[in-house]
Amino acid sequence: MAGNFQRLLISIIIPTYNRDQPLRDCLFLLFHQPYRNFEIIVIDQSDKDFPGKERFYKKYSSRLRLFRMKSPSIPRAINLGIKRAKGEIVLMIDDDILADKRLLVSHMEN
């Protein structure tokens, strides 16, 4: 990768609803991207308890920003994520995506 784009912050917005392991798998792969200048914003709208997910949120609280919504709505969740995003580039992904290790690099190269 060359150029000044390496300095651009990517805000990754992930709305989620009643997902546990797929969301954790998604986040774990994002944590290991070679492009390092990003923030992860999770908008959790779940109405069920997932103890494993809650432990994961606590363990990785320094690596993601968590917002909760009581009433599920993908458009409202995305809008909240955009409002809270600090990045120059916003990337919205589903909570069950298994990101290729070059996901962010490829976005920046294009």
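Helices (H or I, at least four residues) and strands (E, at least two) are DSSP runs, numbered from the N terminus. This is a predicted model: local features need pLDDT of at least 70, side-chain atom pairs count only at pLDDT 80 or more, and totals for chains, interfaces and linings use all residues. Residues are numbered from 1 along each chain as its sequence is written, and side-chain values use heavy atoms, without hydrogens and water.

**The sheet**

- Four strands form an open sheet in the order β3-β2-β1-β4, with parallel pairing. Two strands count as paired if DSSP finds at least two bridges between them.
- The edges belong to β3 (65-68) and β4 (89-92); each has a single partner strand, so one side of each is left without a neighbour in the sheet.
- From one strand to the next, the twist averages 20°.
- Strands β1 (residues 10-16) and β2 (residues 38-44) run parallel and are joined by seven bridges.
- T16 stands opposite D44 in β2.
- Strands of a sheet pair through backbone hydrogen bonds, either parallel or antiparallel.

**The helices**

- Helix α1 (residues 21-31) packs with helix α2 (residues 51-59) at an angle of about 20°, and their axes are 10 Å apart. Axes are lines fitted to C-alpha atoms, for helices over the stretch in contact, and angles run from 0 to 180 degrees between N-to-C directions.
- α1 and α2 are therefore roughly parallel to each other (angles under 35 degrees count as such).
- The contact uses L23, R24, L27, F28 and F31 of α1, and G52, K53, F56 and Y57 of α2. Contact means heavy atoms within 4.5 Å.
- These contact residues divide into six nonpolar, one polar and two charged. Ala, Val, Leu, Ile, Met, Phe, Trp, Tyr, Cys and Pro count as nonpolar, Asp, Glu, Lys and Arg as charged, and the others, Gly among them, as polar.
- Helix α3 (residues 74-84) lies across β1, β2, β3 and β4, and runs at about 145° to β2.

**Salt bridges**

- The structure holds seven salt bridges (a side-chain nitrogen of Lys or Arg within 4 Å of a carboxyl oxygen of Asp or Glu).
- D95 forms a salt bridge with R19; the closest N and O atoms are 3.6 Å apart.
- This pair links distant parts of the chain, 76 residues apart: D95 is in the loop between β4 and α4 (103-109), and R19 is in the loop between β1 and α1.

**Around A85**

- A85 sits in the loop between α3 and β4.
- Leaving aside neighbours within four places in sequence, A85 is in contact with S11, E39, I41 and V90.

Technical notes. Angles under 35 degrees count as roughly parallel, over 145 as roughly antiparallel, 65 to 115 as roughly perpendicular and the rest as oblique.
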